[in-house]
Structures are given as structure tokens and as C-alpha cells.
Amino acid sequence: MAKKEAEAFVTEITPRSQDFSRWYLDVVRRAEMADYSPVKGFMVIRPYGYAVWERIQQALDRRIKETGHVNAYFPLLIPESLLHKEAEHVEGFAPQVAYVTHGGGEELEERLVIRPTSEAIIGTMYAKWVQSWRDLPILINQWCNIVRWEKVTRPFLRTTEFLWQEGHTAHETEAEAEEETLKILDLYAETVETELAVPVIKGRKSESEKFAGALRTYSIEALMGDGRALQAGTSHNLGQNFAKAFDITFQARDKSVQHVWGTSWGMTTRLIGAVIMTHGDDSGLVLPPRVAPYQAAIVPIGRDDWRETVLPKARELQRQLATAGIRVTLDERDERPGWKFAEWELRGVPLRLEIGPKDIEKSSVRIARRDTREKIDVSMNGLADHITRLLDEVQSSLFERAKTFREEHTQRVSTYEEFKAAMEGRPGFVIAPWCGSADCEAHIKAETQATIRNMPLDSKPVTGRCVHCDRPAQAEAWFAKAY
Ligand SMILES: [Zn+2]
């Protein structure tokens, strides 16, 4: 692309404070994370965005396997009749389902559903595979794509097709299924906080927000830079609902025939949206080092002869850092250093390494941190160790910053006046006592747009009265306007 065009490209980001939603779309497009596709509501994940997904995927896959789960793959298409076996499930998903009606030039006898989730097909297979208590537990995960027809879409946050992992487990007892559901919730929270530097609230969903067909749904909820909440992952205790619908039975230790206890859980490409909206700023992306495709970008500085004077040393540094396991790129393009700086800022690379003739003389490198914009001169001796330490520091400082932001945007209220004022004022989480009634929840949503994100697992027993109806409170709920 021409230089002038490129400069305009870098600077054309709507400020976050002016229009957060516009800012988000600008960053996604300009940082080449994703693009729109010819099919409305579907997105193309571009290589830079996909590289972030691969980092997330690897980190999550490792943890899923470490906890005893194995990966498998089930078909994309599901006979419609299977979806109808669990009544709540089909009711919940019916409006979003896409069908295949023809194949091989002929109309199919039975319509096929493009999976909106895989409980139906996996449950059908488990019914075949499980005979005895000795076959349990089954701990299977699959990485795949999902289609849920959406009316309003936004790259990564809500798209008709998305990528995810879905775990589906079957257990001998109710207690084991609950333990699994909560174990995964912890695993999700730990992954998102450690790898993405996004702090989350772990809690249980209300009845009206739970997964269609589940007994209980738990979620992790994050707060984005505009004060709106984002559900980052869910873990469902399915009880015996799907086991009964799909007839997944086993001979128990006492020889009786029983239904298995199930769970399912998923995290999606939406996490990329969470990273962008938690850490990004007016210059573009700010990527946590653990998921950044490049953790450092080397930019050679110099006069016209930089290819002779600076580049050999820059290449040597690149090799040195790569050997130490740092993901590093060297920007050899024929552009001004200033243009390259803006480009790597836009792409959110955690550290920029500037090296020019004077640095070479002093045997040092100038490092610029993306998160704080601090610049420090560091000796080339022991550079890899220094950078490794610095990357850890950036990772934890991003997490702390996001946590502080969340704390500053969380309020506790006890009256409905306070609640409404909080929702109209500075957006964020509002903690309030709630009576447990779906009716109250619906009224609050209609009047303030706020939904119950979840009820944290570690909250103390509540004593107060419902913020809306004044009946005795059942739980302390975290409300927010959400994506
Ligand atoms: Zn109430």
C-alpha cells in the first residue's frame, strides 16, 4: 500500500471516549483481526486475529487435557428429530437454527440442523457408548464451529458462525457432575485471568439466563472498557435432563439401571473481543504478552544506509531473542520508523525494540512498552532475560489495571432509586439484593436494560430486601448492561 494511504490507515481510529462501538470496529478492521464476509453476519478471521485465537486455544486445550479430558469430533449436521428430543433445548435454540434441506440435488427426507451446540448429537452417541458404571465418567471435548442465526452481529462478540470448544461429560452421580461443572468454571476463570489478563466474576446464572435444558448454569463475567459486561464462558450442570431425553443409561454398582448425570461447557472466539475491549486504547490494540502473536517488534532506526549499518545487528538480536523463546519480529519494510511505531502500536505488540547506530555504539537497545508507553534503554547483554521479565511485568500490570478499572466501576446499592441512578450514571457492575423472582428480573431489564450477569459463588448470605420489590432477598446479584 502507498505510504500516504498507510499513514491515513494508522491514524483513522475513532477515539474510544467518543464512540466505543465505532472504536472497536475500527480497531478490528485496521489491526487486521477480522473482516466482513459476503454472507451477512459471518466474519473472516484474518491471520493476525487467528494467531491470537491459536494462542488462546493452545492455552485452554492444555488445561482441558491436564484435567483428564480428551478431544473428539462429532458431525456438523444433526437430524432435526434429535434436537426435538429435549423440549426446553429445542425451544431455546429454535429461533437461531439454520437448516440443510437439500443434498446431492435432492430434497432430504429429514431436514438437518447445522449444530447450534452439540448436546443432541453427542447425547445420542453416549447412549450407545455407555453400558455400565465402569464406562463412566466420559470426559470429551471438541473444537469446532457453531452456527446460531443472529439478527445483529459484531465481529468476535456476536457472529452467526463462531469457533469454540464444547466439553460434554457424563457421570455416575449428581455430586460428580456438579464438581465437574465447578471445576471447569475455575479452569475457565484461571485461563482468562492468566492468559488474557482479563479479571472475571465467577457465579451462577439466574433461571431465565441459564442454558436451555440445563439444571444450573455458571458463568464468568468480565467488564469491558465501556463499562458493559461480557459473558466470557459458561459451564452447565445438565442434571439428568439430556440423559433422559437421549436415554443415556448405565447399570449402576448396585445393578440398578440409572441415567447418567451430564455437564457441558464452552468458550468461544468472543474471548478475542474481550481482549480488545478490556485492554485496547486510542492507538489500537494492547495485547497481553501471553496471547500476542508477536511479543516484541524490532524497528531498525537509521539514515538511508540503515540496511548496511543497523540491519545486521538487528537480525542478530532477533535470532538471540527467538532462541530464548520470545516471539519476535523484525520490521524490515522501507517505511519511516515513525510509521512503523504507529503500526506496531496499532497491532498491540507489547514491546517495541528500537535500534539505531548510536544504540549499537553503546551496545544497548531502546525498549518501548505498549501498555505504559515508557521507554527504557537496556544493555544488549542479557537482553533476552530482561525482555522475558518485562513481558511478565506487562502481563501482570495489564491484569491489575483491568481489575482496578472493574473495582472503580462496581457499585453496591440497596434501593431501586440508587439502582436506576447507578445504571444511568457511570456504567459498570451494580450489586444488589434480589428476591429470586423472574418477574422482578424482567421488570428491571425492561426499565433499565440491566440483566443479572450472575450471582457470585463466594458472596455472603444476604439479609436485605429485593432492590425492586422489597420482598426478602434470596441472593446478591451482579447486574450490568451486557454485550
Ligand atoms: Zn424482587
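**Group meeting: the pocket and the zinc site**

Okay, let's start with the pocket: α5 (87-93), β8 (161-171), β11 (229-239), β14 (261-268), α9 (270-279) and β22 each give at least two residues to the lining of the largest pocket. Helices here are DSSP runs (H or I, at least four residues) and strands are too (E, at least two), numbered from the N terminus. Keep in mind that this is a predicted model, where local features need pLDDT of at least 70, side-chain atom pairs count only at pLDDT 80 or more, and totals for chains, interfaces and linings use all residues. Residues are numbered from 1 along each chain as its sequence is written, and side-chain values use heavy atoms, with hydrogens and water left out.

So what lines the largest pocket? The lining splits into 13 nonpolar, 16 polar and 14 charged residues. Nonpolar means Ala, Val, Leu, Ile, Met, Phe, Trp, Tyr, Cys and Pro, charged means Asp, Glu, Lys and Arg, and the others, Gly among them, are polar.

Now, the zinc ion. Cys 435, Cys 440, Cys 466 and Cys 469 coordinate the zinc ion through their SG atoms, at 2.3 to 2.4 Å. Donors are N, O and S atoms within 2.8 Å of the metal (3.2 Å for Na, K and Ca), and since water is not among the atoms, sites may look incomplete. Along the chain the spacing is C-x4-C-x25-C-x2-C. Cys 435, in the loop between β21 (429-434) and α16 (438-448), and Cys 469, in the loop between β22 (451-456) and β23 (475-480), sit 34 residues apart.

Buried or partly exposed? Cys 435 counts as buried, at 10% relative accessibility, while Cys 469 is partly exposed at 26%. Buried is under 20% relative accessible area, exposed over 50%, partly exposed in between (1.4 Å probe, protein chains only).
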